[in-house]
Amino acid sequence: MQKMKPSERMKIARQIMPEREACVRASDFLEVNRGYADEPARLEAARCLQCKDATCIAGCPVGIDIPAFVDAVAANDLNLAADILLSANVLPGITGRVCPQETQCEQVCVRTKKGAPVAIGHLERFVADWARHNRKDLYEPAPPTGKKVAIVGSGPAGLTCAGELSKRGHAVTVFEALHKPGGVLVYGIPEFRLPNSVVEAEVATLSRRGVDIVPDVVIGRTYTVPELMDAEGFDAVFIANGAGLPVFQGIAGENLKGVYSANEFLTRVNLMGAYRTGETDTPVIKAGRVVVVGGGNTAMDAVRTARRLGAAPATLVYRRSREEMPARNEEVKHAEEEGVVMRLLTNPIEILGNDGGWVRGVRCIRMELGAPDDSGRRRPVPIEGSELEIPCEVFVEAIGTRANPLLTQTTPGLEVNKWGNIIIDADNMTSIPGVFAGGDIVRGGATVILAMGDGKSAAASIHAYLMNGRA
Amino acid sequence: MYLITEAEWLAPKVRRITIEAPRVASHHLPGHFVIVRVREGGERIPLTIADSDRDTGTITLVVQVVGATTEILCRQRAQEHVANVVGPLGKPTEVSDYGHAVLVGGGVGTAVIYPQAIALKESGCKVSAVVGGRSKDYVILETELSKHCDVVYPCTDDGSYGYHGFVTEKLKQLLEFTSDPIGAVLTAGPVPMMRAVSEVTRPFGIKTIASLNPIMVDGTGMCGGCRVTVGGTMKFACVDGPEFDAHAVDFEELADRLTTYHTQEIIAWDRVRGAKLNSEPDNKFCRLSEAERSAVGVRQSV
């Protein structure tokens, strides 16, 4: 393909991601997005202006050379595109699906000045899917360093760190508390957004490269961090055990039957497969009417899951307005298309029960936006006398998580902040030499890609620590 | 996969299963539990560790058939496997010299008090155990407990063995007439029993610890399904417990939450029982009458 002029590139419209029809997908768990076909992918890639000073790279937490891989797609050299992508990101099939591109790489794309940005996320997914199906893993093992690293948790931070460390020749063991690797990628994010097969394939790639993933081990209980360093002989530890405990609102009625944390609701359905009735043994309450409270991706996942289990209506209640929602735009749009009812500027104040101890509804109050708070978002203020009742049989709370104390409590000398999150230095190292941390256990609740960014930078620090004795 | 090294029936529908799980065995303390997933597609269920052996790397579970998953688990025989065993989970029992400690176990709850009895004895307590069952066949681990306790009082509802009456009645006698002042009562068993035990000890002002058995999924604090109200505060049994001050526990709420999946459990159980397996269970105890089945209102005791 001849080099196109910028003016020609500018004429190409952003290619639309093909989706399964809302009325069909709202009653199954198959993936919503179908992915680009070859031709739309090349056209979309040709929209990239190949900026010399590419701002998108700085917008990417794992620093993918975006113009280079996009250019390779435009030139139809998918092998090269995959090489570039995989050198910076060990889990591209995952990030291509769940990254909030609109607040990262795509937000700073120069094309946003005149229209839509290059669909970097869609192209990333396109290349990752092509590579998964068409390419042998051409990985060549690095010479072994003889160093052993333990990674706590097989979520996005842990897997990324494991991949980066094994590239450098370290022997990596990942300990996972659940029976299946992937962390939030398998218990939290639903099949219709991130198919299990994608996670399994990307985990299998790491296993082939010699990363040892050990399920059924809870660090803090089965082993402690000091034991890993002393008795088990690891030279360094990376703690990436995730966000942990669900937060409840603290309103009346939270222990009624039919109240779930989003973590429990999603775990039952995703990890335990409760939607596959007859094939799996874990139950979930399939209710006619479900209300989910929250405005993040987890809330969207929960309410769309409820919809797919047959809830009508599946209602989302959020105390601020649409603009303040932390969820990805695409998830909110998909939810609306699938018939999710959005009750914005509304906040639950009491869960109502019937005589049998089951949820029968939720009492809410209408809110209005006042002055901006610490987060810069306008603070929601209750409107006096505006109470209303929304009938439902299941109520799901998706308002965040707090740090899991299992590990931190059993690791003497590990400094945490007032919320229980682990404190790290600029090199991702904790107060204990050789013990590093990243992801949600450091950040509180954040995103998959930020956790992956932590995993990647921690791997570099761990490597330096192992080879030079300091991070 | 985790190898079952031994499996035997202890009582009607109560099976003792020993599993190779060296990582768990080497860290087990009294009060700990494990989460077991029997097979692919199976539920994760919490089960208290009844015993462990660091040398052989095994743990022992005592499991009552109360639904589909426990039915499948109890059909497993020695040399077969379970898919997953994770633990040890929960906080261990607070062991100190209580002077005289009384342990009250009902049904498979007796398996929970067994490791507690050993630890309390070692810490210097006088240890009395009150263990109950519907009839003689249902009283378990009496011989094992006798090796470590100063005295064991078996109780049966029908008077077919030991004391004729509920464990709570025997406990009350002890509280009123013992010459060794009781410093603590630890209890495990069906929720109504633990609640009754806490009511018996309350007027005496004696420290009473109950091992709770709520529904769990992950067992690490992540799902919050096991939340219980203790002293008016929300606690997660998997990370904050499973043992709590019995006088502060809202047992009514716990019992009610345990019925959440009752309908689904009956359906699932019927499906499992209807499926003819190649290996017919090696024991007459495994069959339940309709009356027995409908009487099972609580889940597996942690």
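1. A residue is called buried under 20% relative accessible area, exposed over 50% and partly exposed in between (1.4 Å probe, protein chains only). The model is predicted, and local features need pLDDT of at least 70, side-chain atom pairs count only at pLDDT 80 or more, and totals for chains, interfaces and linings use all residues. Residues are numbered from 1 along each chain as its sequence is written, chains are lettered from A and ligands numbered from 1 in the order in which they are written, and side-chain values use heavy atoms, with hydrogens and water left out.

2. Backbone of chain A. A:N76 has a positive phi of about 65 degrees although it is not a glycine. This residue is partly exposed, at 46% relative accessible area, and sits in the loop between α5 (66-74) and α6 (78-88) of chain A; helices (H or I, at least four residues) and strands (E, at least two) are DSSP runs, numbered from the N terminus. The peptide bond from A:A312 to A:P313 is cis, with omega near 0 degrees. A:P313 belongs to the loop between α14 (297-308) and β8 (314-317) of chain A.

3. Backbone of chain B. Phi of B:K13 is likewise positive, near 65 degrees, in a residue other than glycine. B:K13 lies in the loop between β1 and β2 of chain B and counts as buried, with 5% relative accessibility. A cis peptide bond joins B:G87 and B:P88, with omega about -5 degrees; B:P88 is part of strand β7 (residues 84-89) of chain B. As background to both points, most residues other than glycine have a negative phi, and most peptide bonds are trans.

4. Interface. Contact (heavy atoms within 4.5 Å) links 43 residues of chain B with 43 residues of chain A. The two chains bury about 3500 Å² between them, and carbon and sulfur atoms give 54% of that area; buried area is the accessible area (1.4 Å probe) that two parts lose on being put together, summed over both. In chain B, the residues that lose the most area to chain A are B:R23, B:M222 and B:Y261, which together give 19% of what that side buries. Three salt bridges cross the interface, where a salt bridge is a side-chain nitrogen of Lys or Arg within 4 Å of a carboxyl oxygen of Asp or Glu. The side chains of B:R271 and A:D281 also form a salt bridge, at 3.8 Å from N to O.

5. Of the 19 residues that line the largest cavity, A:E264, B:I215, B:G225, B:R257 and B:T260 are the closest to its centre. On a 1 Å grid over the protein atoms alone, a cavity is a set of points where a 1.4 Å probe fits but cannot get out, and lining residues have an atom within 4 Å of a point.

6. Lining of the largest cavity. At least two lining residues each come from β6 (259-261) and α13 (262-271) of chain A and from β14 (227-230) and α8 (251-257) of chain B. The lining divides into eleven nonpolar, three polar and five charged residues; Ala, Val, Leu, Ile, Met, Phe, Trp, Tyr, Cys and Pro count as nonpolar, Asp, Glu, Lys and Arg as charged, and the others, Gly among them, as polar. A:E264 is placed in helix α13 of chain A and is buried, at 4% relative accessibility. Beyond residues up to four places away in sequence, A:E264 touches B:V217, B:C223, B:G224, B:G225, B:R227 and B:Y261.

7. Helix α2 of chain B. Eight of the eight residues of this helix (residues 68-75) are buried, so the helix is largely enclosed by the rest of the structure. The elements that cover its buried residues include β1 (2-11), β2 (14-20), β4 (44-53), β5 (58-64), β6 (81-82) and α9 (262-274) of chain B. Because B:E71 and B:R75 are four residues apart in helix α2 of chain B, about one helical turn separates them.

8. Salt bridges overall. The search finds 45 salt bridges over all chains. A:R304 and A:E338 pair at 3.0 Å, N to O. That pair links distant parts of the chain, 34 residues apart: A:R304 is in helix α14 of chain A, and A:E338 is in the loop between α15 (329-337) and β9 (341-343) of chain A. Both A:R304 and A:E338 are buried. By contrast, A:R276 and A:E279, paired at 3.3 Å, N to O, are partly exposed at 32% relative accessible area for A:R276 and exposed at 58% for A:E279.

Technical notes: 1 Å grid on protein atoms, 1.4 Å probe; cavity = no way out; pocket = protein on both sides within 12 Å on 5 of 7 lines; lining within 4 Å.
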